[in-house]
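Please open the structure in a viewer and keep the selection tool at hand.

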Amino acid sequence: MDKTKKKQKPQELARGLNNRHVQLIAIGGAIGTGLFLGAGKAIQLAGPSILLTYAITGMVIMLMMRALGELMLSNLNYHSFLDFVADYLGVRMAFVTGWTYWFCWISLAMADLTATGMYICYWFPNLPQWLPEVIALCILLGLNLVAVSLYGELEFWLALIKVVAIIALIAVGIFMIIVGFKTDAGRVSVSNLWRHGGFFPNGALGFTMSFQMATFAFTGVEVVGLVGGETSNPKKVIPKAINSIPLRVVLFYIGSLFAIMCIYPWTSVTANESPFVSVFADVGIVAAASIVNFVVLSASVSACNSAIYSTSRMVRSLAQEGNAPHSFKKLTSHKVPGNALIFSTLVIFITVIMNYFIPSKVFTIASSLATICFVFVWVIIVITHWRYRQLNPQKAAASNFKMPFYPYSSYFVVLFFTMVIVILAFSKTTRDALLFAPVWFLGLLALFQFNKKRQLK
């Protein structure tokens, strides 16, 4: 007698994130070391006009995220935007986009893990830099393996530290402006925004070049498109998280940089020192450097935590499409992709070895590559949304969460990101990374063809 086999139900990721987690993860994705450590360099490039740079870039990011949100809510059975890319742009593009997005976060994780070791060594200078990196990586892997809710909980508190630090900076800045506080650079005043060479002191070139820094600062914001699939109520949580982006841009980026440039003339802000340290030190906080070091440490750990999470989900999605080993599809008893998590963590571990041989170059190389890859992924998201709208006009019309001003907003976003890529060619550091990009994409296309032939055999 033949035994009938029961059809196995496909494993589903746990929906262990609630609104509180997603809101802070969305905030954390938009606040990184680029703001805390890169603020000085950004101000030096554009002067006070950096405020306009972040406003424009934030608007573009908002439009891209609205496109992503509309896609995610159009089919709640999908857990990643990679599934939409496969449906609307084909499996070849899904393969290239998936592995590129994986590489985006691997690059960011390598940069931020390197930064984590540096920050810990600030307090313990005799400690080998690789040791805290290994410890941090093991802890983050362990938390991600246990349950998605633990990932959300850790990210919640790490993001909260960053938010509190920025709000404290803005509050201190407002206090200094009201009382007319005097620093070594002069009196604190809003007039510092135009008294030292005007609002565009470095002209159109300086203003244009600053878009590179602003774009890098937003890398990771699209992680909402991944965590949204693991929320208990995506229809409510995803729109709320995305719609709060403009407020976050105004408060965290524009607000903090506005406060810094009112406290100090932009000419007094140095590129190689965090202005956050100077602000807290000027109001008499002796441990200002240690406080900011703790904040940027939380920012780097947060970014690494998000990287481990998102790369594992990307690898699992690729495996489901047959573009990665079958074993990466499997979930643990906690409903998390254990094999994919371990694989991504082992690749990130390479940064420990790299830090031993070329410690001074790892951060620059990784962050430049990440910027280029993220821009590519963002453009693909907008094009996928474009295709979705063309093929599903009735479904799109019934949606309660649409990308505003479509299709003109889509043209604008793609044009903006094209401009950013052109800007990257003007700097030697980013130009080298830009030259590597065609090699990466050609390599992926060759790998796709090889994988396709292997599957046919």
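The stops below cover a helix pair and then the aromatic rings.

The model is a predicted one.

**Helix 4 and helix 9**

Begin by selecting residues 50-74, which form helix 4, together with residues 203-217, which form helix 9. Their axes come within 9 Å and cross at roughly 55 degrees. An angle between 35 and 65 degrees falls in the oblique class, and the two helices are therefore oblique to each other. The crossing of helix 4 and helix 9 is right-handed.

Next, display the side chains where these helices meet. Helix 4 contributes I50, L52, T53, Y54, I56 and T57; helix 9 contributes F207, S210, F211, M213, A214, T215 and A217. The residues of this contact comprise 9 nonpolar, 4 polar and no charged.

**Aromatic rings**

Now turn to the aromatic pairs, of which the structure holds 25. Select F376 and F441: their ring centres are 4.6 Å apart and the planes stand at 40 degrees, a tilted pair. F376 lies in helix 17 (residues 362-391) and F441 in helix 20 (residues 428-456), so that the pair links parts of the chain 65 residues apart. F376 is partly exposed, at a relative accessible area of 21%.

Proceed to F416 and F417. Their ring centres are 5.6 Å apart and the planes lie at 70 degrees, so the pair is edge-to-face. F416 counts as buried at 5% relative accessibility, and F417 counts as buried at 1%.

Finally, select F81, Y101, W105, F199, F200, F207, F211, F374, W378, F416 and F417, which form one aromatic cluster.

Technical notes:
Residues are numbered from 1 along each chain as its sequence is written. This is a predicted model: local features need pLDDT of at least 70, side-chain atom pairs count only at pLDDT 80 or more; totals for chains, interfaces and linings use all residues. Side-chain values use heavy atoms; hydrogens and water are left out. Axes are lines fitted to C-alpha atoms, for helices over the stretch in contact, and angles run from 0 to 180 degrees between N-to-C directions. Helices (H or I, at least four residues) and strands (E, at least two) are DSSP runs, numbered from the N terminus. Angles under 35 degrees count as roughly parallel, over 145 as roughly antiparallel, 65 to 115 as roughly perpendicular and the rest as oblique. A crossing is left-handed if the near helix is turned anticlockwise from the far one by less than a right angle, and right-handed if clockwise. Contact means heavy atoms within 4.5 Å. Ala, Val, Leu, Ile, Met, Phe, Trp, Tyr, Cys and Pro count as nonpolar, Asp, Glu, Lys and Arg as charged, and the others, Gly among them, as polar. Rings of Phe, Tyr and Trp (its six-membered ring) pair if their centres lie within 6.5 Å; planes under 30 degrees apart count as stacked, over 60 as edge-to-face and the rest as tilted. Buried means under 20% relative accessible area, exposed over 50%, partly exposed in between (1.4 Å probe, protein chains only).
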